[in-house]
Amino acid sequence: MAGIANSSRIMTSFLLLFLIVLGINLLPAFGPPTWSIIVFYGLNSDLPIASIVIVSALAAALGRLLLAHSFRFLGGRLPEKQKRNLGAAREALEARPRNMILGLGLFALSPLPSAQLFAAAGLAKVRLLHFTAAFFAGRLVSYSIYAATAKGRVPSD
């Protein structure tokens, strides 16, 4: 019976982590950084670090993807000049595969806020799977570093 209760507690912790990170990444601005939630969970729970990182990266990627899709709906309300500019930006980015690869590399390594990049990608109607995949891969790396560093700095008992 204790094993079932422990399993239920762990699943609830992962679900709560997923929902918190998803909610933060749905915000277009002014949300707390996801890494702070990861560090908090790493320091205050007995969940495995690798699982925290994977769940957080999945939730963050889904949140940003949904954010970009929501901005696609807003794109219809923009003035024609801005629509043309966004279309030209999309065409320039997608004209050659090399441009997309360079753009994705910059995106994965960029210090620019991801919410604004996803909002712009949504408005420009850029193919979002590439952006989301680059974001997810980049977040796996950065979240791993944050989580491992947090655990490494805690004095051992």
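**View 1. Surroundings of T34.** Leaving aside neighbours within four places in sequence, T34 is in contact (heavy atoms within 4.5 Å) with V21, I24, N25 and Y143. This is a predicted model, in which local features need pLDDT of at least 70 and side-chain atom pairs count only at pLDDT 80 or more, while totals for chains, interfaces and linings use all residues. Residues are numbered from 1 along each chain as its sequence is written, and side-chain values use heavy atoms, with hydrogens and water left out. T34 lies in helix α2, residues 34-44, and is buried, with a relative accessible area of 7% (buried means under 20% relative accessible area, exposed over 50% and partly exposed in between, with a 1.4 Å probe and protein chains only). The side chain of T34 makes a polar contact with that of N25 at 3.1 Å.

**View 2. The ring pair F40 and Y41.** The structure holds 3 aromatic pairs, a pair being rings of Phe, Tyr or Trp (its six-membered ring) with centres within 6.5 Å, where planes under 30 degrees apart count as stacked, over 60 as edge-to-face and the rest as tilted. The centres of F40 and Y41 are 6.4 Å apart and their planes stand at 70 degrees, so this pair is edge-to-face. Y41 counts as buried, at 9% relative accessibility.

**View 3. The ring pair F118 and F135.** With centres 5.3 Å apart and planes at 85 degrees, the rings of F118 and F135 are edge-to-face. The pair links distant parts of the chain, 17 residues apart, with F118 in helix α6 (residues 114-124) and F135 in helix α7 (residues 128-152). Both F118 and F135 are buried.

Methods. Helices (H or I, at least four residues) and strands (E, at least two) are DSSP runs, numbered from the N terminus. A polar contact is a pair of N or O atoms within 3.5 Å; within protein, one must be able to donate a hydrogen and the other to accept it, and residues adjacent in sequence count only if both atoms are side-chain atoms.
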